[in-house]
There are 2 protein chains.
Amino acid sequence: MRYELYYWPEIQGRGEFVRLALEEAAADYLDVARMPARRGMGMPALLRFLESRRVERPPFAPPFLKAGRLVVGQTANILLFLGPRLGLAPLAEADRVWAHQLELTIADFVSEIHDTHHPVAVSLHYEQQKREAKRRASDFVQSRLCKFLDYFEGVLERNPRRGGWMVGGRISYVDLSIFQVMAGLRYAFPRAMSQVEAGYPRLHALHASVAARRNVAAYLASPRRLPFSEADIWRNYPELDAAARVR
Amino acid sequence: MRYELYYWPEIQGRGEFVRLALEEAAADYLDVARMPARRGMGMPALLRFLESRRVERPPFAPPFLKAGRLVVGQTANILLFLGPRLGLAPLAEADRVWAHQLELTIADFVSEIHDTHHPVAVSLHYEQQKREAKRRASDFVQSRLCKFLDYFEGVLERNPRRGGWMVGGRISYVDLSIFQVMAGLRYAFPRAMSQVEAGYPRLHALHASVAARRNVAAYLASPRRLPFSEADIWRNYPELDAAARVR
């Protein structure tokens, strides 16, 4: 099966959680919007799904994945669908429900991280909501960052399978997503993270384990891995990182 | 199977999406935190799951559902789990993926609705972020409200099964969630909704169809249905509704 991923071509964004799963599994996939429009791909192919009145089940927003005739939207839903097909999800139903629950909690965390620089409106530029962003980022670092990190560290600590993975005894898409969240937080909040990260040895180790996976390492070193930037979810605005006073 | 729902006892909140599914299906369930603490229930039972270090797979936040030995967290994940068990989800995998995708888009909408009154921090009172809330609510009504409503109306319009339901030819948990979103929006933004709702005849009809279901109607008329309030996701703050200028 050749999968087609549709996501904005110039950012990691939420599409990166799907890219990491496809790359770790060495899946056959096309990153459609990054391919030439003259070959029927590129942004026109992406916009067709969002804007055409003829698509019976349109996604609300990228990313979405085409798998044969099926179009799957919503990042966590894509991973729920792909997980078992890529060997990146546990087999038992109770474990799959747990993995998906964790992925949805990661999605909530990612939304809160995004909103630190866009607390008023996604339709406005950062500069138009900078004052509000400082207030929000300060609260995020003081009361939300460690709440989420405490939770995920606790999940690793309580996993009876002691392999350092989030769910059961082997890698799943949840671990890849945690890697991405840790990488993004270090980029966006280097000061705050340097102050707290020693308190999260298991998350630290998980990030390193994922980065060292053969396929992930090759991906990260390739041009397929887009750089972090200030057009993305994770933005390095020193004034937001500096506004923070960590507990 | 007797289900145990754990959610804050005094608000509809995100728990209401689960309550509506359980009620429509006439499922055997306990709303645990609303029952007496002296019977081992109430808030202490809820907090035990959130705070105990002995829970191997803790939820991040309510609502969560206990089904036998399994504890399922995250609203959309609970509905994904309950849907087929309550006869409120389609059977085919492609349809289930689509229903869940819609539910996750509803969850995104609900988060944006919540943040209109809490754009800076959930840890602060509304009064401490009222100025930011006015800006956010104004943008929400101008550019987000109709974007989501257009999308869901379009889903109804494109459903080839013409029964007025969101997915396929019969009711699913997605319809119950749309009912709750419409009811909440009418409560929180009566002025804005009165200006735009005529443009959404299918959503209007779906709200009415769900409200008229025998089990739902009995639930809504019962004391089990908590009233809307200003401690909830949907808050009637006239200054936020008035700040709006609809396209």
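**Exercise 1.** Determine whether A:Glu197 is buried, partly exposed or exposed in this predicted model.

*Solution.* Step 1: locate the residue. A:Glu197 belongs to the loop that links α7 (190-196) and α8 of chain A.
Step 1: count the neighbours. There are 16 other C-beta atoms within 10 Å of A:Glu197.
Step 2: apply the cut-offs. A residue is buried at 20 or more such atoms and exposed at 12 or fewer; A:Glu197 is therefore partly exposed.
Step 3: A:Leu149 is 48 residues away along the chain, yet its C-alpha atom is separated from that of A:Glu197 by 9.1 Å.

**Exercise 2.** Classify how helices α6 and α8 of chain A are oriented to each other, and describe their contact.

*Solution.* The axes of α6 (residues 173-188) and α8 (residues 201-211) of chain A come within 9 Å and cross at roughly 110 degrees.
Step 1: classify the angle. Angles of 65 to 115 degrees count as roughly perpendicular, so α6(A) and α8(A) fall into that class.
Step 2: sort the residues. The contact comprises nine nonpolar residues, one polar and one charged.

**Exercise 3.** Describe the four-stranded sheet of chain A and the pairing of β1 with β3.

Step 1: find the edges. β2 (29-31) and β4 (70-73) of chain A each pair on one side only.
Step 2: examine the pair. β1 (residues 3-6) and β3 (residues 64-67) of chain A run antiparallel, joined by three bridges; A:Glu4 stands opposite A:Lys66 in β3(A).

Conventions: Residues numbered from 1 in each chain as written. Chains lettered and ligands numbered in written order. Predicted model: local features only at pLDDT ≥ 70, side-chain atom pairs only at ≥ 80, totals over all residues. Axes fitted to C-alpha atoms, helices over the stretch in contact; angles between N-to-C directions. Helix = DSSP H or I, 4+ residues; strand = E, 2+ residues; numbered from the N terminus. Parallel < 35°, antiparallel > 145°, perpendicular 65-115°, else oblique. Contact = placed C-beta atoms within 7 Å. Nonpolar A, V, L, I, M, F, W, Y, C, P; charged D, E, K, R; others polar. Pairing = 2+ DSSP bridges.
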